[in-house]
Amino acid sequence: MIKIKNLDKSFDGFKALTDLNLNVKKGSIYGLVGTNGAGKTTLIKHLTGILKPDAGDILIEDSPVFDNITIKERMGFIPDDLYFFASYNLKESAKFYSSIYPNWNQKRYEYMVKQFDLNEKRKLSKFSKGMQKQAAFILTMSSMPDYLILDEPIDGLDPIIRKLVWKYIVEDVAEREMTVLVSSHNLRELEGICDSIGILSKGKMMIERDLDELKSDIHKIQVAFKNAAGNPYEGLNVLHKESRGTVDLLIIRNRKDVVEQIINEQHPVIFDVLPLSLEEIFIYELGGGDHEIESILF
Ligand SMILES: Nc1ncnc2c1ncn2[C@@H]1O[C@H](COP(=O)(O)OP(=O)(O)OP(=O)(O)O)[C@@H](O)[C@H]1O
């Protein structure tokens, strides 16, 4: 399990992370999302022991991460900006990885090289950006990490490879309880694989919830009444409302059964509860402003 408690970090007086808390359950996939500059990479650099916090605790299995070789041997990290030894090919890199990661799995490495169809004798510096990401993924997954930390892992990968990457991750989570934290701007893909989500904004954790729970709390409805008496939405937590002719479109933060009960009491002529995607929740929660929400949601 990964736990961050009250993390603070400043760069030359600029507060990049403020009193940040984060929890990732063992054997789960945690999606870290946030606007540009929100602090995702800074947070990940703390989690992987690259940066030292000004204050707070970064714990894996209750042990501090910084300078913790035992934990780092069991951790795989793919940064946004990859670093390779310029003169190495994939095969030489694998040899290096096998010397530092005690759980290195040579069979898996060979299988993955075939499956991703990479030439292991070609210098990594000659690979395209996407091929370098694939190489980093093969090396990391062949070290059989218990903790996998990924910063924008699918950026620049084609759809077939992206599918393969997620397949490996999901299988390792299911089969050997690997714990994953992944930052991404691709909310549609995160939505399909994450158990929980942390939404970061301006260095602060805005929301951290199970994805299903998050979704069961907030709904988009369209509704029309023939003769509504007074305010038909009284008792509901309406986050946003607009009207198109006789049809009202609303974002409501209540349980679905509560929404249904209150609206049905007013005998609507039209009433649909529509699912809200993670992308929509993200935009709403980060207060995109009613105008932006309007154009995206409806
Ligand atoms: N070494 C540094 N020195 C000064 N400021 C930094 C440093 N690293 C990060 N920052 C600042 O901290 C803030 C958070 O940056 P970070 O790279 O963590 O954001 P991010 O959420 O990963 O953004 P993006 O989605 O654009 O990659 C930014 O304002 C950035 O300029």
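## Nonpolar core

A nonpolar core is here a set of buried Ala, Val, Leu, Ile, Met, Phe, Trp, Tyr and Cys residues joined through C-beta atoms within 7 Å. In this predicted model, the largest such core has 60 residues. Leu47, Ile149, Val180 and Leu181 are the residues with the most contacts inside this core. Helix H5 (residues 129–142) supplies the largest share of the core, seven residues. As a general background, nonpolar side chains tend to be buried together in soluble globular proteins.

When residues up to four places away in sequence are not counted, Val180 touches Ile29, Tyr30, Leu148, Ile169 and Val173.

## Overall architecture

The protein chain has eleven helices and 14 strands. Taken along the principal axes, its C-alpha atoms fill a box of roughly 75 × 45 × 35 Å. Of the 298 residues in the chain, 31% are buried. Among contacts between residues at least 6 apart in sequence, 69% join residues at least 24 apart.

An unreviewed UniProt entry lists residues 2–227 as "domain: ABC transporter". The span of residues 2–227 is 35% helix and 31% strand, and its end C-alpha atoms lie 53 Å apart.

## Domains and their contact

The domain assignment divides the protein chain into domain 1 (2–210) and domain 2 (214–297). The C-alpha centres of domain 1 and domain 2 are 37 Å apart. Where the two domains meet, 13 residues of domain 1 are in contact with seven residues of domain 2.

On the side of domain 1 that touches domain 2, the elements giving two or more residues are helix H7 (187–193), strand E9 (196–201) and strand E10 (204–210). By class, the residues on this side of domain 1 comprise seven nonpolar, two polar and four charged.

## Surroundings of the ligand

The shell around the ligand consists of Phe11, Phe14, Ala16, Gly34, Asn36, Gly37, Ala38, Gly39, Lys40, Thr41 and Thr42. Two elements, strand E2 (14–24) and helix H1 (40–47), each give two or more residues to this shell. Helix H1 gives the most, with three residues. In terms of class, the shell around the ligand holds four nonpolar residues, six polar residues and one charged residue.

## Threonine 48

Threonine 48 is located in the loop between H1 and strand E4 (55–60). Threonine 48 counts as buried because it has 21 C-beta neighbours inside 10 Å, and the cut-off for that class is 20 or more.

Leaving aside residues up to four places away in sequence, threonine 48 touches Met75, Phe77 and Ile149. Ile149 is also among the residues with the most contacts inside the largest nonpolar core. Lysine 72, which is 24 residues from threonine 48 in sequence, is 7.6 Å from it in space, C-alpha to C-alpha.

## The loop between H4 and H5

Serine 125 is found in the loop between helix H4 (106–116) and H5. With 12 C-beta neighbours inside 10 Å, serine 125 counts as exposed, since that class takes in residues with 12 or fewer. Its contacts, not counting residues up to four places away in sequence, are with Phe84 and Ala86. The C-alpha atoms of serine 125 and alanine 86 are separated by 5.5 Å, although the two residues are 39 apart along the chain.

Aspartate 117 has its place in the loop between H4 and H5. Aspartate 117 is exposed, because 9 other C-beta atoms lie within 10 Å. Its phi is near 60 degrees, a positive value in a residue other than glycine.

## Methionine 144

Methionine 144 is placed in the loop between H5 and strand E7 (147–151). Its phi is near 50 degrees, a positive value in a residue other than glycine. Methionine 144 has 17 C-beta neighbours inside 10 Å and therefore counts as partly exposed, the class that lies between the limits for buried and exposed residues.

Conventions: Residues are numbered from 1 along each chain as its sequence is written. This is a predicted model: local features need pLDDT of at least 70, side-chain atom pairs count only at pLDDT 80 or more; totals for chains, interfaces and linings use all residues. A residue is near a molecule or strand if its C-beta atom, placed from the backbone, lies within 6 Å of it. Helices (H or I, at least four residues) and strands (E, at least two) are DSSP runs, numbered from the N terminus. Ala, Val, Leu, Ile, Met, Phe, Trp, Tyr, Cys and Pro count as nonpolar, Asp, Glu, Lys and Arg as charged, and the others, Gly among them, as polar. UniProt positions are given in the numbering used here, feature names are shortened, and annotations may be inferred rather than shown by experiment. Domain bounds come from an automatic or database domain assignment.
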